[in-house]
Amino acid sequence: MADKILIIGACGQIGTELTLKLREIHGAEAVVASDIREGAEELMQSGPFEILDATDEPGIRAVVKKYEINQVYLMAAMLSATAEKAPMKAWNLNMNSLFHILEMGKEGLIDKIFWPSSIAVFGPTTPKDQTPQITAMEPTTVYGISKQTGERWCEYFHRKFGVDVRSIRYPGIISYKTLPGGGTTDYAIEIFHEALKNKSYTSFLAKDAELPMMYMDDAIKATIDIMEAPSEKISIRSSYNLAAINFTPEVLAKEIQKHLKDFEISYEPDFRQQIAESWPSSIDDSQARSDWGWKHDYDLEKMTSTMLKGVGERLEKSTK
Ligand SMILES: NC(=O)c1ccc[n+]([C@@H]2O[C@H](COP(=O)([O-])OP(=O)(O)OC[C@H]3O[C@@H](n4cnc5c(N)ncnc54)[C@H](O)[C@@H]3O)[C@@H](O)[C@H]2O)c1
């Protein structure tokens, strides 16, 4: 049977590009996008779309039945910075949506599930450099607690009920097609917009706040690769460490200055600096590399030049 895919939270930063890529691979009709709101024109016009609340279990079941869905990518979540402002709302969304999907996997209604975790599962007691796959995990944010708990439930549903759930701990994802959704790493996107518009940027993280990051195309590639890998290659059913680039705001600014000589950066760290301080600076992702062949393509130079070009073109279009 050909795959029929449902993406929940498809209008977000990652969901938008993931939907477009999956439609390219499987054909438009095989990939149903859904969200609580409408998204970018490119997404809305390229295939089927449903308004769907990730916490509405009967609603999800109805869409799964209507389109004979057998794979779900659950991308809806409240991200780190936003979740700190609405902890219980974040907990309810991040946990209940996952339970609904895992339960449907247990019942055999869905064959395969993708659920993203995050580097936010780590905390101040985690080794910061080359953070191992298995290590101390004491997250201090609501978001991190929800992701760590989610990982435990994924592994439990796999071990106990054989649910084929696969997961990646995304680092900060950098892209230009859709704006980011309220995370601690959003500065690494805002900086490009401000550099091109105003030639200056005030960073909400300190200049030496080093975090693991990844360009969107690599994140999409990893997501699709892990879902396409044979089941026996997936030895970790909580979530895989995944890495590409690490840098500080100062290092990123210097890279941008190679293209825009008069760009200036200043620093006014806010509450997000504390979140950043609790996260790793770099990640050991050797398990993902050996289990299912993960390899990134974008380094700092390639990511920076791609972002400057992409954001530049978008800004030009919006002023026309
Ligand atoms: N972007 C990153 O840097 C990053 C890093 C680590 C992990 N992640 C994870 O990847 C996933 C996708 O992240 P993103 O950056 O695309 O997030 P985003 O905030 O850009 O998108 C989330 C989408 O979910 C939708 N949504 C919110 N509440 C919903 C609900 N009740 N029902 C249905 N949809 C709802 C929103 O409208 C939005 O379109 C999340 O699980 C996130 O935790 C993202």
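The domain assignment of the chain, whose bounds come from an automatic or database domain assignment, gives domain 1 (5-172 + 214-241) and domain 2 (175-212 + 244-284 + 297-318). This is a predicted model, in which local features need pLDDT of at least 70, side-chain atom pairs count only at pLDDT 80 or more, and totals for chains, interfaces and linings use all residues. Residues are numbered from 1 along each chain as its sequence is written.

Between the C-alpha centres of domain 1 and domain 2 there are 24 Å. Contact (C-beta atoms, placed from the backbone, within 7 Å) joins 32 residues of domain 1 to 29 residues of domain 2. On the side of domain 1 that touches domain 2, two or more residues each come from α1 (13-26), α4 (80-83), β11 (211-215) and α8 (216-228), where helices (H or I, at least four residues) and strands (E, at least two) are DSSP runs, numbered from the N terminus.

The axes of α1 and α8, lines fitted to C-alpha atoms over the stretch in contact, come within 10 Å and cross at roughly 60 degrees. The two helices α1 and α8 are therefore oblique to each other, a class left over once angles under 35 degrees count as roughly parallel, over 145 as roughly antiparallel and 65 to 115 as roughly perpendicular.

| Helix | Residues making the α1 and α8 contact |
|---|---|
| α1 | Ile 14, Glu 17, Leu 18, Lys 21 |
| α8 | Met 216, Ala 219, Ile 220, Thr 223, Ile 224 |

By class, this contact of α1 with α8 has 6 nonpolar, 1 polar and 2 charged residues, with Ala, Val, Leu, Ile, Met, Phe, Trp, Tyr, Cys and Pro counted as nonpolar, Asp, Glu, Lys and Arg as charged, and the others, Gly among them, as polar.

Key
Contact = placed C-beta atoms within 7 Å. Axes fitted to C-alpha atoms, helices over the stretch in contact; angles between N-to-C directions.
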